[in-house]
Amino acid sequence: MEELFRELYGPVLGFFSQRGCSQEECRDLAQETFLRAHRAFDSFRGEAKRSTWLFTIAANVWLNQRRAKDTAKRSADEVPLPEVEHAPRDPEVHPLDDAIREEKLELLQAAIADLPPKMQRCVRLRVYQDMKYREIAELVGISIETAKSQLSLARKRLRSALAEHYPDLDADLKRLGD
Amino acid sequence: MARNATFAEDLARLTERERAGLGKRPDPEALAALHDGALPEEEAERIREWLSVDPELAATYLELQRSPEPAAPAFDVDADAAWRELSARLDPPAKPDSTPASESPAAAPPAAAPPAAVPTAAVPSTDPTEYATVTPFTRRPVVRAALALAALALVALGLGWWQAQQDALPTGSYTRVAVTGEAYRGLTVTVPAGDVGIELAIELAASDSDGELDVMLVDANGRTIRAQTIAFAANQEGVVFRVAKADLMDGAAYELRYTPADGPDDAPFVFQVELVD
(Lines give C-alpha, C1' and ligand atoms only; values in the text may rest on other atoms or scores of the structure.)
Protein backbone atom coordinates (compact mmCIF):
# COMPACT_ATOMS: atom_id res chain seq x y z
CA MET A 1 0.00 0.00 0.00
CA GLU A 2 2.81 2.39 0.86
CA GLU A 3 4.41 1.78 -2.52
CA LEU A 4 1.12 2.59 -4.27
CA PHE A 5 0.72 5.68 -2.14
CA ARG A 6 4.21 7.02 -2.84
CA GLU A 7 3.85 6.33 -6.55
CA LEU A 8 0.43 7.87 -7.01
CA TYR A 9 -0.23 10.36 -4.21
CA GLY A 10 0.93 13.29 -6.40
CA PRO A 11 -1.13 12.29 -9.44
CA VAL A 12 -4.20 11.70 -7.24
CA LEU A 13 -3.79 15.22 -5.83
CA GLY A 14 -3.50 16.35 -9.45
CA PHE A 15 -6.73 14.54 -10.31
CA PHE A 16 -8.64 16.63 -7.76
CA SER A 17 -6.67 19.81 -8.51
CA GLN A 18 -7.67 19.54 -12.19
CA ARG A 19 -11.28 19.60 -11.01
CA GLY A 20 -10.87 22.92 -9.25
CA CYS A 21 -10.42 21.71 -5.67
CA SER A 22 -8.44 23.79 -3.18
CA GLN A 23 -5.18 22.40 -1.78
CA GLU A 24 -6.94 21.39 1.42
CA GLU A 25 -9.77 19.70 -0.45
CA CYS A 26 -7.27 17.90 -2.67
CA ARG A 27 -5.50 16.49 0.38
CA ASP A 28 -8.74 15.44 2.09
CA LEU A 29 -10.10 13.78 -1.04
CA ALA A 30 -6.77 12.06 -1.73
CA GLN A 31 -6.78 10.68 1.83
CA GLU A 32 -10.32 9.40 1.32
CA THR A 33 -9.30 7.81 -1.97
CA PHE A 34 -6.37 5.94 -0.43
CA LEU A 35 -8.46 4.89 2.57
CA ARG A 36 -10.99 3.31 0.24
CA ALA A 37 -8.24 1.74 -1.82
CA HIS A 38 -6.76 0.27 1.36
CA ARG A 39 -10.12 -1.27 2.29
CA ALA A 40 -10.44 -2.84 -1.15
CA PHE A 41 -6.77 -3.68 -1.59
CA ASP A 42 -7.14 -7.39 -0.81
CA SER A 43 -9.93 -7.80 -3.36
CA PHE A 44 -7.90 -6.24 -6.19
CA ARG A 45 -7.80 -8.94 -8.86
CA GLY A 46 -5.17 -7.45 -11.13
CA GLU A 47 -7.53 -7.12 -14.12
CA ALA A 48 -6.80 -3.42 -14.46
CA LYS A 49 -3.71 -1.30 -14.00
CA ARG A 50 -3.38 -0.29 -10.36
CA SER A 51 -3.25 3.38 -11.34
CA THR A 52 -6.50 3.16 -13.34
CA TRP A 53 -8.17 1.31 -10.48
CA LEU A 54 -7.08 4.03 -8.07
CA PHE A 55 -8.33 6.81 -10.35
CA THR A 56 -11.68 5.03 -10.65
CA ILE A 57 -11.93 5.17 -6.87
CA ALA A 58 -10.86 8.84 -6.99
CA ALA A 59 -13.60 9.51 -9.56
CA ASN A 60 -16.16 7.93 -7.21
CA VAL A 61 -14.90 9.99 -4.29
CA TRP A 62 -15.08 13.15 -6.40
CA LEU A 63 -18.62 12.46 -7.65
CA ASN A 64 -19.85 11.64 -4.14
CA GLN A 65 -18.36 14.87 -2.84
CA ARG A 66 -20.03 16.86 -5.61
CA ARG A 67 -23.39 15.23 -4.98
CA ALA A 68 -23.14 15.93 -1.26
CA LYS A 69 -22.29 19.58 -2.00
CA ASP A 70 -25.17 19.90 -4.46
CA THR A 71 -27.59 18.40 -1.97
CA ALA A 72 -26.38 20.68 0.81
CA LYS A 73 -26.71 23.71 -1.44
CA ARG A 74 -30.17 22.71 -2.59
CA SER A 75 -31.30 22.10 0.99
CA ALA A 76 -30.01 25.53 1.98
CA ASP A 77 -31.80 27.19 -0.95
CA GLU A 78 -35.12 25.57 -0.18
CA VAL A 79 -37.73 27.33 1.90
CA PRO A 80 -39.48 24.82 4.13
CA LEU A 81 -43.12 24.36 3.22
CA PRO A 82 -45.86 24.20 5.81
CA GLU A 83 -47.23 20.78 6.56
CA VAL A 84 -49.94 19.90 4.05
CA GLU A 85 -52.50 17.18 4.07
CA HIS A 86 -52.32 14.61 1.33
CA ALA A 87 -54.61 15.63 -1.49
CA PRO A 88 -57.49 13.25 -2.07
CA ARG A 89 -56.90 10.70 -4.77
CA ASP A 90 -58.54 10.92 -8.15
CA PRO A 91 -61.65 8.74 -7.93
CA GLU A 92 -61.52 8.25 -11.69
CA VAL A 93 -58.26 6.31 -11.58
CA HIS A 94 -59.34 2.90 -12.76
CA PRO A 95 -57.63 -0.47 -12.28
CA LEU A 96 -57.84 -0.81 -16.05
CA ASP A 97 -55.24 1.95 -16.28
CA ASP A 98 -52.74 -0.46 -14.76
CA ALA A 99 -53.35 -3.01 -17.45
CA ILE A 100 -53.12 -0.40 -20.21
CA ARG A 101 -49.90 0.94 -18.75
CA GLU A 102 -48.38 -2.54 -18.54
CA GLU A 103 -49.43 -3.29 -22.09
CA LYS A 104 -47.76 -0.12 -23.32
CA LEU A 105 -44.60 -1.02 -21.44
CA GLU A 106 -44.57 -4.42 -23.09
CA LEU A 107 -44.89 -2.81 -26.52
CA LEU A 108 -42.05 -0.47 -25.70
CA GLN A 109 -39.96 -3.37 -24.43
CA ALA A 110 -40.53 -5.26 -27.66
CA ALA A 111 -39.70 -2.22 -29.79
CA ILE A 112 -36.46 -1.60 -27.86
CA ALA A 113 -35.52 -5.29 -27.96
CA ASP A 114 -35.88 -5.18 -31.75
CA LEU A 115 -33.02 -2.67 -31.96
CA PRO A 116 -29.43 -3.97 -32.13
CA PRO A 117 -27.71 -3.92 -28.68
CA LYS A 118 -25.49 -0.88 -29.37
CA MET A 119 -28.46 1.08 -30.72
CA GLN A 120 -30.44 0.23 -27.58
CA ARG A 121 -27.62 1.57 -25.44
CA CYS A 122 -27.44 4.77 -27.47
CA VAL A 123 -31.18 5.33 -26.98
CA ARG A 124 -31.06 4.71 -23.25
CA LEU A 125 -28.04 6.96 -22.80
CA ARG A 126 -29.68 9.75 -24.79
CA VAL A 127 -33.23 9.58 -23.44
CA TYR A 128 -32.84 8.04 -19.98
CA GLN A 129 -29.47 9.53 -19.02
CA ASP A 130 -29.65 12.70 -21.14
CA MET A 131 -26.10 12.20 -22.43
CA LYS A 132 -24.35 14.18 -25.16
CA TYR A 133 -23.18 12.51 -28.36
CA ARG A 134 -19.54 12.59 -27.21
CA GLU A 135 -20.44 10.92 -23.90
CA ILE A 136 -22.57 8.30 -25.63
CA ALA A 137 -19.67 7.52 -27.94
CA GLU A 138 -17.30 7.04 -25.01
CA LEU A 139 -19.71 4.88 -23.04
CA VAL A 140 -20.74 2.65 -25.93
CA GLY A 141 -17.24 2.47 -27.38
CA ILE A 142 -18.06 3.90 -30.82
CA SER A 143 -17.27 7.10 -32.72
CA ILE A 144 -19.39 10.23 -32.35
CA GLU A 145 -20.54 9.91 -35.96
CA THR A 146 -21.64 6.33 -35.38
CA ALA A 147 -23.51 7.39 -32.25
CA LYS A 148 -25.39 10.03 -34.25
CA SER A 149 -26.31 7.64 -37.04
CA GLN A 150 -27.40 4.95 -34.55
CA LEU A 151 -29.71 7.42 -32.85
CA SER A 152 -31.10 8.63 -36.16
CA LEU A 153 -31.91 5.07 -37.23
CA ALA A 154 -33.43 4.33 -33.81
CA ARG A 155 -35.67 7.36 -34.15
CA LYS A 156 -37.14 6.09 -37.43
CA ARG A 157 -37.64 2.57 -36.15
CA LEU A 158 -39.21 3.61 -32.86
CA ARG A 159 -41.53 6.08 -34.57
CA SER A 160 -42.89 3.41 -36.86
CA ALA A 161 -43.34 0.94 -34.00
CA LEU A 162 -44.73 3.23 -31.31
CA ALA A 163 -46.29 6.36 -32.81
CA GLU A 164 -49.87 5.30 -32.20
CA HIS A 165 -49.21 4.47 -28.54
CA TYR A 166 -47.36 7.64 -27.57
CA PRO A 167 -49.09 10.84 -28.73
CA ASP A 168 -46.06 12.98 -27.84
CA LEU A 169 -43.52 10.57 -29.24
CA ASP A 170 -42.04 13.04 -31.72
CA ALA A 171 -41.17 15.49 -28.98
CA ASP A 172 -39.23 12.78 -27.10
CA LEU A 173 -37.65 11.38 -30.23
CA LYS A 174 -36.31 14.79 -31.21
CA ARG A 175 -33.68 14.17 -28.55
CA LEU A 176 -32.39 11.33 -30.70
CA GLY A 177 -31.45 13.75 -33.49
CA ASP A 178 -32.49 14.12 -37.11
CA MET B 1 -58.34 8.86 -16.33
CA ALA B 2 -54.71 8.76 -15.31
CA ARG B 3 -52.31 10.84 -17.41
CA ASN B 4 -50.60 8.92 -20.21
CA ALA B 5 -46.93 8.33 -19.51
CA THR B 6 -44.58 9.69 -22.16
CA PHE B 7 -42.07 7.61 -24.08
CA ALA B 8 -39.23 8.99 -21.93
CA GLU B 9 -41.05 8.15 -18.68
CA ASP B 10 -41.86 4.64 -19.82
CA LEU B 11 -38.33 4.09 -21.08
CA ALA B 12 -37.02 5.14 -17.65
CA ARG B 13 -39.40 2.72 -15.95
CA LEU B 14 -38.45 -0.09 -18.32
CA THR B 15 -34.74 0.58 -17.92
CA GLU B 16 -34.96 0.47 -14.15
CA ARG B 17 -36.85 -2.81 -14.28
CA GLU B 18 -34.32 -4.34 -16.62
CA ARG B 19 -31.38 -3.16 -14.55
CA ALA B 20 -32.55 -5.38 -11.71
CA GLY B 21 -32.01 -8.42 -13.93
CA LEU B 22 -28.52 -7.58 -15.12
CA GLY B 23 -26.65 -9.47 -12.43
CA LYS B 24 -23.68 -8.25 -10.43
CA ARG B 25 -22.99 -4.53 -10.62
CA PRO B 26 -19.46 -3.85 -11.92
CA ASP B 27 -16.99 -2.76 -9.24
CA PRO B 28 -14.37 0.00 -9.71
CA GLU B 29 -11.79 -2.50 -10.94
CA ALA B 30 -14.12 -3.75 -13.67
CA LEU B 31 -14.64 -0.15 -14.86
CA ALA B 32 -10.88 0.42 -14.72
CA ALA B 33 -10.25 -2.76 -16.73
CA LEU B 34 -12.76 -1.63 -19.35
CA HIS B 35 -10.96 1.68 -19.56
CA ASP B 36 -7.61 -0.12 -19.92
CA GLY B 37 -9.03 -2.32 -22.68
CA ALA B 38 -8.10 -5.34 -20.59
CA LEU B 39 -11.40 -7.22 -20.67
CA PRO B 40 -12.53 -10.01 -22.98
CA GLU B 41 -15.14 -8.76 -25.45
CA GLU B 42 -18.03 -10.52 -23.73
CA GLU B 43 -17.25 -9.02 -20.32
CA ALA B 44 -16.66 -5.58 -21.84
CA GLU B 45 -20.10 -5.76 -23.45
CA ARG B 46 -21.66 -6.74 -20.13
CA ILE B 47 -20.16 -3.70 -18.47
CA ARG B 48 -21.15 -1.37 -21.32
CA GLU B 49 -24.70 -2.68 -20.89
CA TRP B 50 -24.52 -1.63 -17.24
CA LEU B 51 -23.20 1.80 -18.20
CA SER B 52 -26.28 2.40 -20.34
CA VAL B 53 -28.69 1.74 -17.48
CA ASP B 54 -26.80 2.99 -14.42
CA PRO B 55 -26.23 6.76 -14.29
CA GLU B 56 -23.76 6.58 -11.40
CA LEU B 57 -21.54 4.04 -13.12
CA ALA B 58 -21.70 6.05 -16.34
CA ALA B 59 -20.72 9.24 -14.54
CA THR B 60 -17.76 7.49 -12.88
CA TYR B 61 -16.56 6.06 -16.17
CA LEU B 62 -16.82 9.43 -17.94
CA GLU B 63 -14.93 11.08 -15.08
CA LEU B 64 -12.19 8.48 -15.51
CA GLN B 65 -12.07 9.17 -19.25
CA ARG B 66 -11.57 12.88 -18.61
CA SER B 67 -8.07 12.55 -17.18
CA PRO B 68 -6.77 9.03 -16.74
CA GLU B 69 -3.16 9.96 -15.98
CA PRO B 70 -3.07 13.37 -14.30
CA ALA B 71 0.24 14.93 -13.31
CA ALA B 72 1.13 16.11 -9.83
CA PRO B 73 -0.44 19.46 -8.90
CA ALA B 74 1.32 22.82 -8.95
CA PHE B 75 1.47 23.11 -5.16
CA ASP B 76 4.02 21.38 -2.91
CA VAL B 77 3.32 17.74 -2.21
CA ASP B 78 4.53 16.48 1.17
CA ALA B 79 4.04 12.76 0.58
CA ASP B 80 5.84 11.79 3.82
CA ALA B 81 3.53 13.82 6.03
CA ALA B 82 0.49 12.62 4.08
CA TRP B 83 1.60 9.00 4.41
CA ARG B 84 2.09 9.40 8.17
CA GLU B 85 -1.42 10.85 8.44
CA LEU B 86 -2.91 8.10 6.31
CA SER B 87 -1.10 5.22 7.95
CA ALA B 88 -2.28 6.41 11.36
CA ARG B 89 -5.83 6.01 10.05
CA LEU B 90 -5.22 2.64 8.40
CA ASP B 91 -4.18 0.61 11.43
CA PRO B 92 -4.06 1.09 15.18
CA PRO B 93 -0.55 1.97 16.46
CA ALA B 94 1.57 -1.13 17.01
CA LYS B 95 2.35 -2.19 20.55
CA PRO B 96 6.08 -1.93 21.03
CA ASP B 97 6.45 -5.26 22.84
CA SER B 98 4.38 -7.34 20.42
CA THR B 99 5.13 -6.19 16.87
CA PRO B 100 8.61 -6.18 15.41
CA ALA B 101 9.27 -2.93 13.60
CA SER B 102 10.15 -4.76 10.39
CA GLU B 103 6.73 -6.43 10.21
CA SER B 104 4.61 -3.32 10.03
CA PRO B 105 6.43 -0.16 9.19
CA ALA B 106 3.18 1.56 8.35
CA ALA B 107 1.65 0.77 11.69
CA ALA B 108 4.20 2.65 13.75
CA PRO B 109 4.64 6.07 12.22
CA PRO B 110 6.93 8.48 14.05
CA ALA B 111 3.98 10.42 15.44
CA ALA B 112 2.60 7.29 17.09
CA ALA B 113 5.90 5.90 18.32
CA PRO B 114 6.21 5.34 22.06
CA PRO B 115 8.17 7.84 24.11
CA ALA B 116 11.82 7.00 24.58
CA ALA B 117 11.47 6.52 28.34
CA VAL B 118 9.27 3.42 27.89
CA PRO B 119 11.31 0.22 28.30
CA THR B 120 11.40 -1.22 24.79
CA ALA B 121 14.08 -3.65 23.83
CA ALA B 122 12.04 -4.97 20.85
CA VAL B 123 11.80 -1.68 18.94
CA PRO B 124 15.20 -0.03 18.80
CA SER B 125 15.03 3.62 17.95
CA THR B 126 16.38 4.57 14.56
CA ASP B 127 17.02 8.07 15.79
CA PRO B 128 20.62 8.24 17.14
CA THR B 129 19.67 11.08 19.44
CA GLU B 130 17.23 8.89 21.33
CA TYR B 131 18.12 6.15 23.76
CA ALA B 132 15.81 3.45 24.95
CA THR B 133 15.83 2.42 28.58
CA VAL B 134 16.66 -1.27 28.56
CA THR B 135 15.57 -3.44 31.45
CA PRO B 136 18.27 -5.95 32.37
CA PHE B 137 17.41 -9.66 32.08
CA THR B 138 16.29 -11.30 35.30
CA ARG B 139 15.36 -14.89 36.07
CA ARG B 140 11.57 -15.07 36.48
CA PRO B 141 9.74 -17.68 38.50
CA VAL B 142 8.21 -20.61 36.54
CA VAL B 143 4.67 -19.64 37.62
CA ARG B 144 4.94 -16.33 35.79
CA ALA B 145 5.93 -18.14 32.61
CA ALA B 146 2.90 -20.43 32.98
CA LEU B 147 0.61 -17.43 33.45
CA ALA B 148 2.08 -15.79 30.37
CA LEU B 149 1.49 -18.99 28.36
CA ALA B 150 -2.11 -19.15 29.57
CA ALA B 151 -2.64 -15.53 28.60
CA LEU B 152 -1.19 -16.20 25.16
CA ALA B 153 -3.51 -19.18 24.72
CA LEU B 154 -6.51 -16.99 25.62
CA VAL B 155 -5.42 -14.33 23.14
CA ALA B 156 -5.03 -16.99 20.43
CA LEU B 157 -8.52 -18.33 21.20
CA GLY B 158 -9.93 -14.81 21.02
CA LEU B 159 -8.21 -14.16 17.71
CA GLY B 160 -9.56 -17.43 16.32
CA TRP B 161 -13.09 -16.50 17.36
CA TRP B 162 -12.72 -13.02 15.85
CA GLN B 163 -11.44 -14.48 12.57
CA ALA B 164 -14.38 -16.89 12.47
CA GLN B 165 -16.76 -13.93 12.93
CA GLN B 166 -15.05 -12.10 10.07
CA ASP B 167 -15.31 -15.15 7.81
CA ALA B 168 -19.00 -15.45 8.60
CA LEU B 169 -19.79 -11.94 7.35
CA PRO B 170 -21.58 -11.72 4.01
CA THR B 171 -19.31 -11.29 1.03
CA GLY B 172 -19.32 -8.11 -1.02
CA SER B 173 -17.77 -4.72 -0.88
CA TYR B 174 -19.72 -3.66 2.17
CA THR B 175 -21.28 -5.46 5.05
CA ARG B 176 -23.59 -2.89 6.59
CA VAL B 177 -25.84 -0.09 5.46
CA ALA B 178 -26.43 2.92 7.65
CA VAL B 179 -28.63 5.91 6.93
CA THR B 180 -29.06 9.39 8.34
CA GLY B 181 -32.37 11.23 8.32
CA GLU B 182 -34.35 8.18 9.43
CA ALA B 183 -37.74 9.83 9.86
CA TYR B 184 -39.40 12.80 8.22
CA ARG B 185 -42.97 13.80 7.53
CA GLY B 186 -44.54 10.38 7.64
CA LEU B 187 -41.55 8.63 6.10
CA THR B 188 -39.25 6.22 7.84
CA VAL B 189 -36.05 4.65 6.56
CA THR B 190 -34.93 1.40 8.07
CA VAL B 191 -32.22 -1.12 7.34
CA PRO B 192 -33.85 -4.57 7.54
CA ALA B 193 -32.10 -7.62 8.95
CA GLY B 194 -29.62 -9.16 6.57
CA ASP B 195 -28.42 -5.80 5.29
CA VAL B 196 -29.71 -6.38 1.80
CA GLY B 197 -30.60 -2.73 1.34
CA ILE B 198 -32.97 -0.17 2.79
CA GLU B 199 -36.71 0.07 3.28
CA LEU B 200 -38.64 3.32 3.11
CA ALA B 201 -42.00 3.13 4.82
CA ILE B 202 -44.46 5.73 3.55
CA GLU B 203 -47.59 6.56 5.49
CA LEU B 204 -50.77 6.90 3.45
CA ALA B 205 -53.64 9.26 4.05
CA ALA B 206 -56.95 7.54 4.81
CA SER B 207 -58.68 6.41 1.64
CA ASP B 208 -61.91 4.57 0.90
CA SER B 209 -60.66 3.13 -2.37
CA ASP B 210 -57.71 1.23 -3.76
CA GLY B 211 -54.99 3.22 -5.46
CA GLU B 212 -51.34 3.39 -6.27
CA LEU B 213 -48.35 5.50 -5.42
CA ASP B 214 -45.48 6.37 -7.75
CA VAL B 215 -42.27 6.42 -5.74
CA MET B 216 -38.89 7.44 -7.05
CA LEU B 217 -35.45 7.53 -5.47
CA VAL B 218 -33.17 10.06 -7.13
CA ASP B 219 -29.55 10.94 -6.50
CA ALA B 220 -28.15 14.42 -5.93
CA ASN B 221 -27.95 14.97 -9.69
CA GLY B 222 -31.66 14.29 -10.03
CA ARG B 223 -31.05 10.95 -11.73
CA THR B 224 -33.43 8.13 -10.96
CA ILE B 225 -31.93 5.27 -8.98
CA ARG B 226 -35.15 3.32 -8.63
CA ALA B 227 -38.79 3.96 -9.48
CA GLN B 228 -41.83 1.90 -8.64
CA THR B 229 -45.57 2.13 -8.74
CA ILE B 230 -46.88 0.61 -5.54
CA ALA B 231 -50.50 -0.50 -5.40
CA PHE B 232 -52.38 -0.16 -2.13
CA ALA B 233 -55.77 -1.23 -0.87
CA ALA B 234 -58.51 0.93 0.65
CA ASN B 235 -57.71 1.95 4.23
CA GLN B 236 -54.15 0.66 3.95
CA GLU B 237 -51.98 2.62 6.37
CA GLY B 238 -48.74 2.63 4.44
CA VAL B 239 -46.55 1.14 1.74
CA VAL B 240 -42.92 0.04 1.72
CA PHE B 241 -40.42 0.97 -0.99
CA ARG B 242 -37.30 -1.19 -1.06
CA VAL B 243 -33.92 -0.33 -2.54
CA ALA B 244 -31.21 -2.97 -2.92
CA LYS B 245 -27.76 -2.37 -1.45
CA ALA B 246 -26.28 -2.88 -4.92
CA ASP B 247 -28.12 0.24 -6.09
CA LEU B 248 -26.68 2.45 -3.36
CA MET B 249 -23.39 4.33 -3.32
CA ASP B 250 -21.35 4.91 -0.21
CA GLY B 251 -21.64 8.45 1.13
CA ALA B 252 -24.18 9.51 -1.47
CA ALA B 253 -27.23 11.61 -0.66
CA TYR B 254 -30.59 10.53 -2.01
CA GLU B 255 -33.98 12.11 -2.28
CA LEU B 256 -37.28 10.28 -2.14
CA ARG B 257 -40.02 11.61 -4.39
CA TYR B 258 -43.53 10.37 -4.32
CA THR B 259 -46.78 11.74 -5.65
CA PRO B 260 -50.26 10.87 -4.47
CA ALA B 261 -52.39 9.79 -7.44
CA ASP B 262 -53.57 13.28 -8.35
CA GLY B 263 -51.88 15.49 -5.79
CA PRO B 264 -48.83 17.72 -6.00
CA ASP B 265 -45.32 16.59 -5.12
CA ASP B 266 -44.73 16.48 -1.44
CA ALA B 267 -41.64 18.14 0.04
CA PRO B 268 -38.60 16.00 -0.77
CA PHE B 269 -37.18 13.63 1.78
CA VAL B 270 -33.39 13.69 1.63
CA PHE B 271 -31.18 11.21 3.43
CA GLN B 272 -27.59 10.04 3.30
CA VAL B 273 -26.46 6.45 2.86
CA GLU B 274 -23.32 5.05 4.36
CA LEU B 275 -22.05 1.61 3.41
CA VAL B 276 -19.81 0.26 6.13
CA ASP B 277 -17.09 -2.36 5.79
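Modeller: This is a predicted model. The largest nonpolar core has 63 residues, and Ala58(A) and Cys122(A) touch the most other members. Helix H3 of chain A, residues 50-77, gives this core its largest share, nine residues. Leaving aside neighbours within four places in sequence, Ala58(A) is in contact with Val12(A), Phe15(A) and Thr33(A). Another core lies apart from the largest one. That other core has 17 residues, including Ile198(B), Leu200(B), Ile202(B) and Ala252(B).

Now the chain around Ala58(A). Chain A has eight helices and zero strands. Its elements, from the N terminus on, run α-α-α-α-α-α-α-α. Chain A has 178 residues, and 37% of them count as buried. Take the contacts in chain A with a separation of 6 or more: 54% of them join residues 24 or more positions apart.

Next, the contact between the chains. Chain A puts in 74 residues and chain B puts in 71 residues. On the side of chain A that touches chain B, at least two residues each come from helix H1 (2-17), helix H2 (23-40), H3, helix H4 (95-113), helix H5 (117-128), helix H6 (133-140) and helix H8 (169-173) of chain A. H3(A) supplies the largest share of that side, 15 residues. By type, the side of chain A that touches chain B has 35 nonpolar, 17 polar and 22 charged residues.

Six of the eight residues of H6(A) are buried, so H6(A) is largely enclosed by the rest of the structure. The buried residues are Glu135(A), Ile136(A), Ala137(A), Glu138(A), Leu139(A) and Val140(A). What do the buried residues of H6(A) pack against? In chain A, they pack against H5 and helix H7 (144-162). In chain B, they pack against helix H3 (41-53) and H4. Gly141(A) follows H6(A), and its phi is positive, near 85°.

H4(B) has 12 residues, which should span 16 Å at 1.5 Å a residue. Within H4(B), the buried residues are Pro55(B), Glu56(B), Leu57(B), Ala58(B), Ala59(B), Thr60(B), Tyr61(B) and Leu64(B).

Notes. Residues numbered from 1 in each chain as written. Chains lettered and ligands numbered in written order. Predicted model: local features only at pLDDT ≥ 70, side-chain atom pairs only at ≥ 80, totals over all residues. Helix = DSSP H or I, 4+ residues; strand = E, 2+ residues; numbered from the N terminus. Buried ≥ 20, exposed ≤ 12 C-beta atoms within 10 Å, placed from the backbone. Contact = placed C-beta atoms within 7 Å. Core = buried A, V, L, I, M, F, W, Y, C linked by C-beta atoms within 7 Å. Nonpolar A, V, L, I, M, F, W, Y, C, P; charged D, E, K, R; others polar. Expected span 1.5 Å × (residues − 1).
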